[in-house]
Amino acid sequence: MSLKNLPEDISSITLPEAEGIVAYFSMEIALASGIPTYSGGLGVLAGDTLRSAADLGLPLSAFTLLHRKGYFRQHLDASGVQTEEDQPWEVEKFLDLEDPLVEITLEGRAVQIRAWRYDLEGVSGHVVPVYLLDTDVEGNDPRDRTITDHLYGGDSDYRLRQEAVLGLGGVRILQALESSVHVYHINEGHAALLTVGLMAGQLGGDLDRVPEERDRQAVRRRCVFTTHTPVPAGHDRFSSEQMERILGRRTAILAERMGGCRSGMLNMTELALGSSRFVNGVAMQHGKISQEMFRDYHVDSITNGVHAATWMAPPMQAVADRNFSRWRIDNMQLRSLIGVPCEEITRAHNDSKERLIQEVAARSGVGLRKEVFTIGFARRAATYKRADLLFSDPARLARCAADAGGLQILYAGKAHPRDLPAKDMIHRIYEIAAEIRSDSLKIVYLENYDWELGATLTSGVDLWLNTPERPHEASGTSGMKAALNGVPSLSVLDGWWVEGCIEGFTGWEIPDKDTREEEAAGLYEQLESKILPLYYGRPQEWQKVMRWAAALNGSFFNTHRMLQQYISDAYSPEKSINVSAAALESVLVR
Ligand SMILES: *Cc1c(COP(=O)(O)O)cnc(C)c1O
């Protein structure tokens with residue numbers, strides 16, 4: 001079988017003279033802790049990728065939406081009921097308005113789009129510009145001025161409008177900025193409509209012309225697609241009625257001709273798959289699962305990472321600065337932490353733990369003790385992440401805490417406003433926690449999980465817990481942040497942990513079982529028989545685990561390594577050898 005996204009003909013090779021830039025498209029990007037334009041792992045990954053691109057000097061620019069009202073601020077009442085509030089932020093304080101004003105048509109109305117620029121500066125001064133698209137432009141219909149307000153807000157129509165602004169609008173802004181683009185990186189299906197924008201350019205604006213294989217190849221040669229969702233239900237789909245009404249009939253037909261429709265629905269993943277020459281999942285196992293889901297295409301994998309200098313707490317950064325000269329550019333130097341005395345890492349971790357304890361006291365009024373073993377669990381409160389697995393047998397957990405000599409458990413995480421089961425899960429955690437709290441077992445659920453709280457938690461706890469339902473976790477990245485800070489994980493073997501877990505060295509696995517009860521039993525078993533006895537009984541051995549976690553996993557699961565793989569496996573010119581300079585020019589929308 002010939003796979004659709006591999007170049008069929010490599011005989012007529014003309015290498016482009018100069019390498020153009022990479023244009024990176026993502027619905028969410030975590031740019032800075034004061035800019036709430038992200039909801040979770042996808043946005044943090046995008047931001048970390050760009051921070052690494054800046055450090056490594058990669059000619060890359062990025063496109064996302066402005067999200068003027070942010071994602072949302074989470075409030076939890078005394079019984080764990082979540083309410084939400086907008087998070088407006090001062091756009092002008094952080095960003096510069098760019099000149100270009102471009103237009104797309106949505107629901108028959110002209111929608112003007114402008115862009116704000118945020119410059120991400122790397123360690124050596126290289127700048128990665130990020131363009132945040134904005135439809136709150138005078139002259140736009142009031143209905144259209146709010147398209148770029150809420151990340152993942154509104155209904156499915158709202159989502160399609162946003163994706164049109166990102167994909168179609170982003171390509172037009174790029175053209176107006178006169179950037180010469182070598183690779184378009186579609187970070188998750190939300191940005192897939194950019195391929196339709198490129199095809200429109202390839203057809204010279206004649207949307208009625210049926211794309212030939214040659215046209216499809218021209219678009220495919222420019223696009224790289226990273227999928228992040230291991231379950232079919234997670235992929236964005238829109239009805240043909242929506243597609244025609246919102247995008248217009250000719251654009252809808254073009255998307256269909258490009259192979260973007262499945263069972264009468266516009267499927268953003270299909271559209272991106274059919275229009276990209278390189279497709280990857282975000283961890284080895286996720287790549288394999290995606291390959292089984294999309295048998296018509298070759299799906300590779302590049303395992304995620306995190307930006308080391310962003311997620312290592314200051315005391316841990318000081319350890320690295322003392323011992324290594326170039327780790328901020330060359331994260332592989334962190335592998336040599338294996339030769340650094342354990343006490344240095346332990347001392348850094350103690351400082352971070354103290355900071356965490358202060359932060360918990362300030363936020364919740366609860367006083368934690370620094371000699372007590374502390375578990376962290378913080379991530380989006382999606383039900384597949386099973387934040388409540390640890391509470392499957394509350395009596396056993398309470399016993400385990402009492403026998404060991406104390407246990408502190410910290411939770412955080414937002415449920416999407418419309419995800420009622422996830423909201424229930426938070427409420428349930430509150431209820432059980434209230435029942436089993438004791439002198440030896442402290443449990444705190446911290447409100448409004450975000451970047452800053454994430455950094456404080458992953459660096460300050462003693463163990464990072466992850467209990468997703470296999471195989472729903474495409475990668476997961478918070479455990480990588482913990483590792484960089486010398487914090488081992490206890491996790492289901494899903495996502496990155498399949499590659500990161502060396503049992504007893506970098507952390508521990510929760511064995512895969514048929515039922516939830518059995519998995520919970522495995523979790524308790526690991527805590528009771530291995531982890532707590534090691535922490536309380538053999539502190540020097542525990543310190544070695546911390547050092548292994550940092551040296552082995554910190555040096556690999558970072559975005560410097562990840563981006564270098566994207567460069568060599570996905571972006572490099574050899575991967576697009578079928579491209580002529582003229583073809584490069586012609587794919588931009590006219
Ligand atoms: C790192 C991070 C995530 C991703 O966590 P996962 O373990 O991958 O689910 C989500 N939200 C915030 C605020 C983060 O910092």
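**Aromatic rings**

Modeller: This is a predicted model. One aromatic cluster is made up of Phe373, Trp508, Tyr535, Tyr536 and Trp542.

Biologist: Nice. And how many aromatic pairs does the count come to?

Modeller: The count comes to 21 aromatic pairs. One of them joins phenylalanine 25 and tyrosine 184, with 6.4 Å centre to centre and 40° between the planes, so the pair is tilted.

Biologist: Which strands do phenylalanine 25 and tyrosine 184 lie in?

Modeller: Phenylalanine 25 is in strand β1 (residues 21-26) and tyrosine 184 is in strand β8 (residues 181-187), so their pair ties together parts 159 residues apart in sequence.

Biologist: Are those two, phenylalanine 25 and tyrosine 184, buried or exposed?

Modeller: Phenylalanine 25 and tyrosine 184 are both buried.

Biologist: Back to the tryptophans. What sort of aromatic pair do tryptophan 508 and tryptophan 542 form?

Modeller: Tryptophan 508 and tryptophan 542 are stacked, at 5.7 Å centre to centre and with 20° between the planes. Their pair links distant parts of the chain, 34 residues apart: tryptophan 508 belongs to strand β20 (residues 507-510) and tryptophan 542 to helix α20 (residues 539-554).

Biologist: And is tryptophan 508 buried or exposed?

Modeller: Tryptophan 508 is buried, and tryptophan 542 is too.

Biologist: Changing topic to charges. Where does the charged end of arginine 561 sit?

Modeller: Over the ring of phenylalanine 556, with 4.1 Å between the charged end of arginine 561 and the ring centre.

Biologist: What about arginine 379, which face does that lie over?

Modeller: Arginine 379 lies over the face of phenylalanine 377, 4.5 Å from the ring centre.

Note on methods. Residues numbered from 1 in each chain as written. Predicted model: local features only at pLDDT ≥ 70, side-chain atom pairs only at ≥ 80, totals over all residues. Heavy atoms only, no water. Phe/Tyr/Trp six-rings, centres within 6.5 Å; stacked < 30°, edge-to-face > 60°. Helix = DSSP H or I, 4+ residues; strand = E, 2+ residues; numbered from the N terminus. Buried < 20%, exposed > 50% of the residue type's maximum accessible area, 1.4 Å probe, protein only. Lys NZ or Arg CZ within 6 Å of the ring centre and 35° of its normal.
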